[in-house]
Amino acid sequence: MNLDWTADDIEYRRELKAFLLEALGPDWKGYGHLSSADYKAASVAFCQKMAERGYLTQNWPREYGGAEASPWRAAILSEELSVYEGDPRGSQYMNVNWIGPAMMQFGSEAQKAFFLPKISAGEITFSQGFSEPEAGSDLASLRTQAVRDGDEYVVNGEKIWTSHTSIAEWLFLLVRTDPSERRSKGITVLLVPMNTPGLKVNKVAGFVGESAFSNPVFTDMRVPVANRLGAENAGWAVVRWALAFERIGVAHYRRAATLLDRTVREIEARGLMGDPAIQAKVGEAWEAVEAARLLFFRVVDLRAQGSPPTADSNLARVAGTRAYQIVAETAELALAEYGLEGAGRSRFTLTSGVASGTTEVQLDQIATRFLNLPRPAVGAE
Ligand SMILES: Cc1cc2nc3c(=O)[nH]c(=O)nc-3n(C[C@H](O)[C@H](O)[C@H](O)COP(=O)(O)OP(=O)(O)OC[C@H]3O[C@@H](n4cnc5c(N)ncnc54)[C@H](O)[C@@H]3O)c2cc1C
């Protein structure tokens with residue numbers, strides 16, 4: 001794998017940085033302080049600017065509003081966006097990273113024609129209805145039920161920890177369509193307008209900000225069969241595809257590197273860098289960031305070669321989470337007595353080991369899919 005950027009890539013990065021600085025300003029503080037309505041307006045406006053410049057879905061096929069740019073261009077975009085706390089695209093990062101690609105792979109012609117132009121123009125927002133109160137890591141045990149009634153499904157059940165519902169127009173929803181199958185074989189994906197009768201969204205207080213999460217509840221909610229993505233009971237293939245893309249959607253190593261830079265600046269400003277224990281920890285953090293970067297690039301390289309998703313994306317995700325953690329430990333070791341223990345932390349230090357699959361679950365996938373270790377028998381000690 002050649003890790004040198006081409007002259008064109010370097011020029012592209014320069015232009016992109018200038019665009020981001022102009023669009024977001026030098027003191028961009030994320031959307032955390034905005035109301036839902038302002039957050040939605042700001043993130044949609046930003047995505048539309050990206051779309052006008054051709055950045056939003058540049059690595060998509062031309063027929064769906066992209067420019068067929070290489071996955072390396074998308075990686076540069078992820079790196080440069082990661083410098084800004086939070087993602088300036090808001091929930092639309094999901095559209096671009098995995099909802100759109102899943103539609104290209106599994107959608108009907110009508111679905112592609114309806115959704116993909118809207119996504120590539122930055123005009124539509126989704127939320128992701130996967131987790132349930134009794135089905136998080138063990139997602140295949142989900143129970144929200146959809147029963148076929150003519151040309152519609154009647155949906156009953158609930159989801160939890162659903163992000164972005166206050167700004168989304170659509171829900172990417174996993175339901176069980178075959179109650180006799182308790183695991184992955186009986187699952188289907190439905191694309192549901194958020195204003196569908198029978199869908200009620202309760203707020204859930206969360207540790208990453210008030211009302212960041214919600215609890216959508218479905219009571220006899222009717223969804224047209226035409227809104228099904230892929231075949232009935234074949235939703236698990238869609239989910240696996242989607243999650244593999246989601247896991248490296250964010251350049252976590254780059255965000256961790258930004259936090260490490262900030263931490264090192266604080267350490268140097270206080271004349272603490274001569275301490276061998278602090279030096280060793282900074283070295284460890286730098287090494288973790290570099291390892292995460294290389295594992296992320298390995299996934300980008302596989303994509304560039306046309307490989308389908310592999311467990312390499314789990315490895316990259318775990319390494320990114322580990323990088324955040326070691327950077328946070330570095331800040332705590334060196335700066336805690338100055339009350340700056342937060343220097344190495346961002347929201348992602350707390351959430352990246354849980355969102356889109358916990359670290360333990362990623363490690364489980366690496367053990368079985370990457371190292372080919374046997375899966376323990378159910379009930380084994
Ligand atoms: C910021 C954030 C945003 C999120 N957004 C969404 C969203 O938009 N939509 C959505 O559907 N969900 C969302 N989630 C939920 C997330 O996907 C789940 O929290 C995650 O899958 C874990 O499920 P759980 O919370 O039920 O934990 P559990 O599955 O109950 O796990 C609890 C603990 O047990 C461990 N554990 C479980 N099974 C195993 C095992 N087999 N081996 C070893 N350890 C195990 C886990 O690692 C974890 O430490 C979000 C979560 C966060 C933090």
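In what follows, Ala, Val, Leu, Ile, Met, Phe, Trp, Tyr, Cys and Pro count as nonpolar, Asp, Glu, Lys and Arg as charged, and the others, Gly among them, as polar. By these classes, the shell around the ligand holds five nonpolar, eight polar and one charged residues. The structure is a predicted model.

**Ligand surroundings**
- The ligand is surrounded by 14 residues, of which Q128, S131, S137, T358 and E360 are the closest.
- The backbone of F130 places a polar atom 2.9 Å from an oxygen atom of the ligand.
- A polar backbone atom of W161 is 3.1 Å from a nitrogen atom of the ligand.
- S163 contributes through its side chain, with a polar atom 2.8 Å from a nitrogen atom of the ligand.
- The protein buries 64% of the 980 Å² that the ligand exposes when taken alone.

**The hairpin of β2 and β3**
- Strand β2 spans residues 145–149 and strand β3 spans residues 152–158; the two pair in the antiparallel sense over five bridges.
- Within this pairing, R148 stands opposite Y153 in β3.
- Two residues lie between the strands of the hairpin, and G150 takes a positive phi near 65°.

Terms used: Residues numbered from 1 in each chain as written. Predicted model: local features only at pLDDT ≥ 70, side-chain atom pairs only at ≥ 80, totals over all residues. Heavy atoms only, no water. Near = heavy atom within 4 Å. Polar contact = N/O pair within 3.5 Å; in protein donor to acceptor, adjacent residues only side chain to side chain. Areas by Shrake-Rupley, 256 points an atom, 1.4 Å probe, with all protein chains shown as cover. Pairing = 2+ DSSP bridges. Helix = DSSP H or I, 4+ residues; strand = E, 2+ residues; numbered from the N terminus.
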